[in-house]
Amino acid sequence: MVLNTTADLVAGLKRAGLKLTPQRLAIAECLAGDGTHPTAQELHQRLTERFPSMSMATVYNTLSALTRTAGCRELDLGGATRFDPNVTPHDHAVCERCGAIRDVELSPGYDATAGEQCPLPGFRVERIERVYRGLCAQCAKAA
Ligand SMILES: [Zn+2]
Ligand SMILES: [Zn+2]
C-alpha cells in the first residue's frame, strides 16, 4: 500500500501548471500520507488555524488539480467526496459505527478488471471497486 508523498503531490501541482503557494503546499502536505480519506471540508478545517484566510475554493481547486495529475483520487462512498493519496487500485472497508475508512489491499496478482463480467448485457467492465461495510476491529470488539 503506497500513499503519495508531499513530493508526489507537489510534482502534480507543477504539472497542472499551478504556482506553488504556501497554501497549496500546505494542502498537499496535509493530504500526503493521510490514509483517513478526508473530505475537502476536513482538510480545510485542519488548515484554517495556520491559514485563517484559506478559502474552500482554494482547497477545491488544489484537490481538483491533484486529482487530474494523479496526485490523489476522488472517492465516492456516499456523502461528501473524499480524497485518497493512494492512487494504486485498492478496495475500502467502511466502519458503520465510527466512520473509519480503511484501505484494503488487493491480493497479490489480482487484476481488478480481468475476466470479470457485469450481468448488464453489453456493459464493458473497466474497473471493479469493492466497498466492505461493517464494523472495524475496534468497534467489533466494543460491540
Ligand atoms: Zn469503527
Ligand atoms: Zn483508499
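This is a predicted model: local features need pLDDT of at least 70, side-chain atom pairs count only at pLDDT 80 or more; totals for chains, interfaces and linings use all residues.
Residues are numbered from 1 along each chain as its sequence is written, chains are lettered from A and ligands numbered from 1 in the order in which they are written, and side-chain values use heavy atoms, with hydrogens and water left out.

Donors are N, O and S atoms within 2.8 Å of the metal (3.2 Å for Na, K and Ca); water is not among the atoms, so sites may look incomplete. Cys-95 is buried, at a relative accessible area of 3%, whereas Cys-98 is partly exposed at 46%. Buried means under 20% relative accessible area, exposed over 50%, and partly exposed in between (1.4 Å probe, protein chains only).

**Second stop: the sheet**

Display next strand S3 (residues 91–95), which pairs with S4 in the antiparallel sense over four bridges. Strands (E, at least two residues) and helices (H or I, at least four) are DSSP runs numbered from the N terminus, and two strands pair if DSSP finds at least two bridges between them. Asp-91 stands opposite Val-104 in S4. The open sheet has three strands in the order S4-S3-S5, with mixed pairing. Strands S4 (101–104) and S5 (131–134) stand at the edges with a single partner strand each, so one side of each lacks a neighbour in the sheet.

Select the zinc ion (ligand 2), coordinated at 2.0 to 2.2 Å by His-37 (NE2), Asp-84 (OD), His-90 (NE2), His-92 (NE2) and Asp-103 (OD). His-92 is buried at 3% relative accessible area, and Asp-103 is buried at 19%.

**Last stop: two helices**

Finally, select helix H2 (residues 22–31) and helix H3 (residues 40–47), whose axes come within 10 Å and cross at roughly 115°. Axes are lines fitted to C-alpha atoms, for helices over the stretch in contact, with angles from 0 to 180 degrees between N-to-C directions. H2 and H3 are therefore roughly perpendicular to each other, a term covering 65 to 115 degrees.

Technical notes: Angles under 35 degrees count as roughly parallel, over 145 as roughly antiparallel, 65 to 115 as roughly perpendicular and the rest as oblique.
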